[in-house]
Amino acid sequence: MANTQATFGFRHIGYLPGGAPDYQLATGLIASANTTKIFRGDPVVLDATTGKVQQAANNTVNIFGIFDGCMYTPVGGTPQWSPMWPGAGAASDPTAYIINAPNALFMAAALNTSIVTANIGENVGFAIGTGNTANGFSAATVDQSTLNTTNTLPFRVVQPVTSQGNFAVVGNGNDPSTPYGWCIVAFNNQNYKQLTGVA
């Protein structure tokens, strides 16, 4: 059955074999003046000047992790958790929660052409997309046009999602022969998995 385009960002689904599960979330601050929305499932980076969390640009080569919500205090309000940073309204810098365990696995949809079995082991970038303000979820996808052996790409293809295998899905997303298929990726060029130190 042909896939229907459906984006949900980078959804954490488990860990690479041999690695201990790590359910701890990293934290960081988002600048309260940052007007760019950050959605749950978005790749994020640390600002080189301030060290604060921000949404990653398309195909950023080094990422900090995947955004998993934030806690902020609205002006004149009480602290609240949100699946997204709305880009305004905080009385002080919000606290971001980040999935950055080096052995984490994520499911994501392809931007267009599906990832296939022949792509296992290749590296891949992403397209950030426009997130859903109604539910706070990301529209980030893997960008199959970037598939390569280039060591600076942020993700490594683990496998396409099909109706069989370790990450079987019934229904949408499991047909790699049509566009918008889903795949499993791991971090490749991430703050804790790159060889060059972060300046």
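## Close-up views of the predicted model

**View 1. An arginine sits on a phenylalanine ring.** R11 lies over the face of F8, 4.2 Å from the ring centre. For a charge to count as over a ring, NZ of Lys or CZ of Arg has to be within 6 Å of the ring centre and within 35 degrees of the ring normal. This and every other view shows a predicted model, where local features need pLDDT of at least 70 and side-chain atom pairs count only at pLDDT 80 or more, while totals for chains, interfaces and linings use all residues. Numbering runs from 1 along each chain as its sequence is written, and side-chain values use heavy atoms, with hydrogens and water left out.

**View 2. Six strands make an open sheet.** Read across the sheet, the order is β1-β8-β12-β11-β9-β10, with antiparallel pairing. Strands here are DSSP runs of E with at least two residues, and helices are runs of H or I with at least four, numbered from the N terminus; two strands pair if DSSP finds at least two bridges between them. The edges belong to β1 (11–15) and β10 (141–148), each with a single partner strand, so one side of each has no neighbour in the sheet. From one strand to the next, the twist averages 45°, using axes fitted as lines to C-alpha atoms (for helices over the stretch in contact) and angles from 0 to 180 degrees between N-to-C directions.

**View 3. Strand β9 and its two neighbours.** On one flank, two bridges join β9 (residues 123–127) to β11 (residues 155–160), and these strands run antiparallel. Here V124 stands opposite F155 in β11. On the other pairing, β9 and β10 also run antiparallel and are joined by four bridges, with N123 bridged to N148 in β10. What covers the count for β9: how many of its residues are buried? Five of its five are, where buried means under 20% relative accessible area, exposed means over 50% and partly exposed is in between (1.4 Å probe, protein chains only). Both faces are covered, with N123, G125 and A127 on one side and V124 and F126 on the other.

View 4. The structure holds six aromatic pairs; rings of Phe, Tyr and Trp (its six-membered ring) pair if their centres lie within 6.5 Å, with planes under 30 degrees apart called stacked, over 60 edge-to-face and the rest tilted. One of these pairs is F126 with F155, edge-to-face at 6.3 Å centre to centre and 80° between the planes. F126 belongs to β9 and F155 to β11, so the pair ties together parts 29 residues apart in sequence. Both F126 and F155 are buried. Ring pairs also link F10, F106, F126, F155 and F187 into a cluster.

View 5. A26 and G28 make up the covered face of β2 (residues 26–29), while T27 and L29 make up the uncovered one. Four bridges join β2 to β7 (residues 95–99), and the two run antiparallel. T27 stands opposite Y97 in β7.

**View 6. A pair of asparagine side chains.** N191 sits in the segment after β12 (182–187), and at 19% relative accessibility N191 counts as buried. Its side chain makes a polar contact with the side chain of N62 at 3.4 Å. A polar contact is a pair of N or O atoms within 3.5 Å; within protein, one must be able to donate a hydrogen and the other to accept it, and residues adjacent in sequence count only if both atoms are side-chain atoms.

View 7. C70 is buried, at a relative accessible area of 0%, and C183 is buried at 1%. There are zero disulfides in the structure, taking a disulfide as a pair of cysteine sulfur atoms within 2.5 Å.

**View 8. Two loop residues.** Y180, in the loop between β11 and β12, has a positive phi of about 70° although it is not a glycine. Most residues other than glycine have a negative phi. Y180 counts as partly exposed, at 24% relative accessibility. T133 is in the loop between β9 and β10 and counts as exposed at 53%.
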